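Welcome! Please take a moment to look over the sequence and the 3D structure shown here.

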Amino acid sequence: MLKIFYLVPLLPLLGFLINFLIGKKINNEKISGIISSVAVLIPFIIGVGVLFEILALPPEARTIPIHYFSWLFTGILNVNFAYVVDPLSLVMLLVVTGVGFLIHVYSLGYMHGDKEYHIFFSYMNLFIFAMLQLVLADNFLLIFLGWEGVGLCSYLLIGFWYEKKFTGDAAKKAFVVNRIGDFGFMTAMLLIFNNFGTLDITHFIGKISSGVPLNDGLLVAIALLLFLGATGKSAQIPLFVWLPDAMAGPTPVSALIHAATMVTAGVYLIARVSLLYSLVPLVNSIILILGIFTALLAATMALKQNDIKKILAYSTISQLGFMFIALGVSAYHIAVFHLMTHAFFKALMFLGSGSVIHSMHEEQDIRNMGGLKDKLKITYITFLIGALAISGIPPLSGFFSKDEILWNTFIGSNPVFYIIVLFTAMLTAFYMFRLVALTFFGKPRYNTDHVHPHESPASMTIPLIILAVLAAIGGFVGLPHYTGAVNYFEHFLEPVFRQASTVYSTIHPHGEHSITLELILVAVSVIAAGFAAFLSFRLFSKKDKFENEKGFGKILEDKYYIDEAYDYAVITPIQKTSENFLWKIFDVKIIDGFVNWLAGYFVKLSADWRKIQTGVIQDYTTITVAGIVVIILYLLFL
Amino acid sequence: MPELTTILFYIFAFITVGFAIIVVSTKNVMYSAVSLFMSLFGIAALFLLLRADFLALTQVMVYIGGILVLLIFGIMLTTKITDAEIKTNNLSYIPAAFFTTGIFVILIFVLYTTKWNQKTPIQNEETISQIGKALLSSYVLPFEIASIVLLVALVGAIMFSRKK
Amino acid sequence: MITLAELVNAVPLLIIAIAAILTLLITTFFKKSTDVVFAVTIISLFAAIFFYFGDLEKDALIFTESLRINMVSIMFSVIALTAVFISVLSAKSYIEKEEINFGEYYSLSLFATLGMLVMIHSANLIVLFIGLELMSICFFVLTGFLRKRVKSNEGALKYFLLGAFMTGFLLFGISLIYGTSGTLDFIKMLQNQSLVKQPLFLIGVALFSIGFFFKMGIFPFHMWVPDVYEGAPTSVTGLMSTAGKIAAVGTLAPFIVNTNVTSLKVIFSVLAVLTMLFGNVIALSQVNIKRLLAFSSIASAGYILVGITAMNEFSVKGVAFYLFAYTFMQLGAFILVSVIEKPSDSSNDYKGVNLDDYKGLASKNPSLAVLLTIFLFSLGGIPPFAGFWGKYYLFYAAIKSELVWLSVIAILLSIISIYYYLKIIVYMWFSKESGNEVEIVVPPFASIALYIAAGLTILFGLFPNLFFVMFKTVLK
């Protein structure tokens, strides 16, 4: 399978080209959709093949660089077009193509009847292509290309229904906020290139793998800047504001890009250079604290939202916060584990919400839903599995990954943090069951005369079922130690993170922890989550009157006024300065004045000089001979 | 006392250059053509002085025997062209004179200051067979391509003159 | 004796020569056979490119040391053949539209190609001269192919007169080189190191270079370029401005970089600066797109001369890459012009070639507007298109030879070019349509050619190193 590995990025690219260039001529939804889905399925199958090939190798030999060609040669900067296949990138590859394929299939039904169907699928394929560059690349420049590529696709897909003005604004917001993150990434790249003379990750890791002091200033700067890039893409404090607005795009897009894959790119990036972060405990603490804050803040915001997709969006931010918590305590394999399980259950819930929205004729407010469990049976059951999984109810996948995060927070940081994270986990269960209760239980609160909810077509429900199965049993690949079973997932990823965990354990020598303590904590967290879910269900399943929020609830509903604060503190001053000074004085007077003068000067020069071009051949020969005379004179006498 | 060949050289050079001046300065096409005949004849004579008998022969045959006769035929057969005045008001005499004189002076200067790559004087023997051998052995490729060049020139001439 | 091995090495040239004569015969003996001639031309060009990739590492002197077949000459030949291929592909619909659909068009293109290949492969000055003449005569005729148009005839005449005039200087240069060095062979000529200090030899080399500068359009030998480019059929303009330039540069550059004489470097760099300045500045005030592209192609010749001036090991490869990229973007732009151009009844007038005709193109035909935007961005040297890397490698070569000042000037002057390229782009995307125009029909072959050109512009912009991999060479 490694021999045909080039097909993995090539097929989505081909799918993109076919649909983009001749999709309109094909003019057939089925063919467009199937081409595009197959272009993701085959890479997935190849990925599975590679997985088996790699499993047959000894753990040390599981990192396989694939060098295709030398991409740029610019004298000082040489960049190879090279991929690296190792357990980490393989997990990402399988998640991206696997979940991506299911979402493509789902879109076949969801986007049915859209007039730019083929364009939608071409963008989806382009996204998969860019995402694969990001996860497979062996150098920062190629990663950055994928990084920008997924950003571009996200921008295009958020704004896909550009007739709505709001989607255009949301797309722009996502674009601008991500630029700030990209600035961090780019500066980090420049620093790396300047100081290490390479952009290859393998070389870079090799150069810092020995003889580098802890918290070295340069490394701290690089790690912080990369983290800034990660916060932009993964919607963490302070750059998380774009993700809720990004829900304006079609729901499969939210599932694929804004839940399962693209937003995890930041987590992946940090895991990929785990050695760097293990060498800078200072930055790890920042990641940990910001992760905890993001998780908590987003979870509280989710409590009072009424838009079904907004709740899921805040939940995504919160869950990404959990992943960063795991990164902050250097539990890299657990971050990746949670990334994977989250991809299953959050994609599932987004697709489920899409199915609900679809059947409710584009209604997204859960206050206007209720009692859908009988009408949308499959959607209901699968969604419930997702909600149970994210709440951390055993033995669903979310339980294993979240519990590992809680346990590692406990042993890796301090009890206060542990309690906050535990509280956040409770909030997760609470808002999730509020969502389930308001949507599927109680009496219908919509106009039953006009809206007749019905189950979605098979192309939408089958992906839901498959994802539900994954969300249910996906956790068993990473069984925790106290069960006595082998943690396959950790073993598989272990070679990638070995260096980082060696460094980490020399800094934080912590002894054995008793299994009893761990079991007690597990019990506490399960009971807490179960209690929160139960409480929430009781509160909301019968509720059918909604008052306007007051007090703290209002603050939560309005998301702590963070958007407004950004508006007031950053955007308005910038606009004012740019309007009053930069535009009116600096731009109009100085820059424009200079540019206009220069352009005018050259245009005038041009009008003068063109007179030389008389069109008379005698003049041409005269000028030619004059040139020759001057040249010969120079050669003779100078 | 200069050698005979030197004297002859100057005579023929004078014929060549003198008639060339007439070619470009006269306003009568017929005079121009006849002067060109003389000028080309002078060149053929110069070739002979350089012992390039084949070139001299070709010069006479191709230019004088072929092209010039064709030219004069053309002039004779075209009515009213013999007396036609060439009209142009853009001769740029001054810059042209300036720069051509410049080139002339420079080249004279260079010719006198350069150490030439001199070969031993060639014995008095005919060159036709040598040229023939060279053309069909070491210079066969340029020879063949030259025929293609002529073919293309022919095609081009037909393209421009055909009716449709 | 000509051996079989020699013939094998010359297969691409033989293919082109045979195809040229064959097309001529077909045209003569069969009426209405232009489609067949077109097919033969396309196939032979493709076959020639194909056979060049047979054994890239050879270094052979064939036909009694007349032709040199090595990596460098193969590289330039392939670039030239690619240019001819794309140009001929797009020309079919254009010459049908202009009612000059004669088989001779293709024969002459092929003969010109043969001339280019002979030039590029030439191992001595005589062969070089004959090849150059073959190419030039074909171009003279092709320029005047629009016989009913005054400007086409005028262009042909001007090109012919100036061309003949400059051929005189070229021949004079060759005879001076022969007189001082005693040989016509390129390699033997430069073995005598004391020779390059002789002023007469240098004057010979300078005059020889000037002959090529004329073909490339270097100031002050560029005077013919705008008139001829404007008057010639647009498909021919595309051919001349790419393939013609490739042949001239591909012959001159490998020879001249080996001389490495300071005084020549000074002359070349001054000419390069003047050319870039002159081309870019005059292009600003052009209203006819063919003239605008003519001046921009003069400026491009200036950039190429910057690369040649460096006279180091990067020069030839940098120049080759630039020409390769230039082929796609320049040809693409000219093909677009030929598609948008409309046949006009009057003999004095061309329709659809003014910048105003491009106003509002994006709303009329978005895909054409996208394509032209790609070509213009690439010509302007904006990443990630191939033109960016082309300029990069040229200026890089100059910097390596400590000609930083030259590179800085070149970059500054190329900024001017962005102004007029952007002007067209703004016209296309943001101006109101000038009105009453009928729909533009893109013929199939021209559209294939356009997509090939655009695709390669992007491909080699994203993966510039592919070029060096293709020719099994490295840029070190």
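This is a predicted model: local features need pLDDT of at least 70, side-chain atom pairs count only at pLDDT 80 or more; totals for chains, interfaces and linings use all residues.

Residues are numbered from 1 along each chain as its sequence is written, and chains are lettered from A and ligands numbered from 1 in the order in which they are written.

Let us begin with the make-up of two chains. Helices (H or I, at least four residues) and strands (E, at least two) are DSSP runs, numbered from the N terminus. A residue is called buried if 20 or more other C-beta atoms lie within 10 Å of its own, exposed if 12 or fewer, and partly exposed in between, with C-beta atoms placed from the backbone.

| Chain | Item | Value |
|---|---|---|
| Chain A | helices and strands | 24 helices, two strands |
| Chain A | buried residues | 51% of 638 residues |
| Chain B | buried residues | 10% of 164 residues |

Chain B is divided into domain 1 (1-86) and domain 2 (123-164), with bounds from an automatic or database domain assignment. Four residues of domain 1 are in contact with five residues of domain 2, where contact means C-beta atoms, placed from the backbone, within 7 Å.

Now for the cores. A nonpolar core is a set of buried Ala, Val, Leu, Ile, Met, Phe, Trp, Tyr and Cys residues joined through C-beta atoms within 7 Å. The largest has 215 residues, of which C:A80, C:L134, C:C138 and C:A206 touch the most other members. Helix α14 (residues 313-340) of chain C gives this core its largest share, 20 residues. A second, separate core of 202 residues includes A:F185, A:A265, A:I270 and A:Y314.

Is A:D374 buried or exposed? A:D374 is exposed, because 9 other C-beta atoms lie within 10 Å. A:D374 sits in the loop between α15 (332-359) and α16 (377-391) of chain A. A:D374 and A:E455 are 81 residues apart in sequence and 9.8 Å apart in space, C-alpha to C-alpha.

How values were computed
Two residues are in contact if their C-beta atoms, placed from the backbone, lie within 7 Å.
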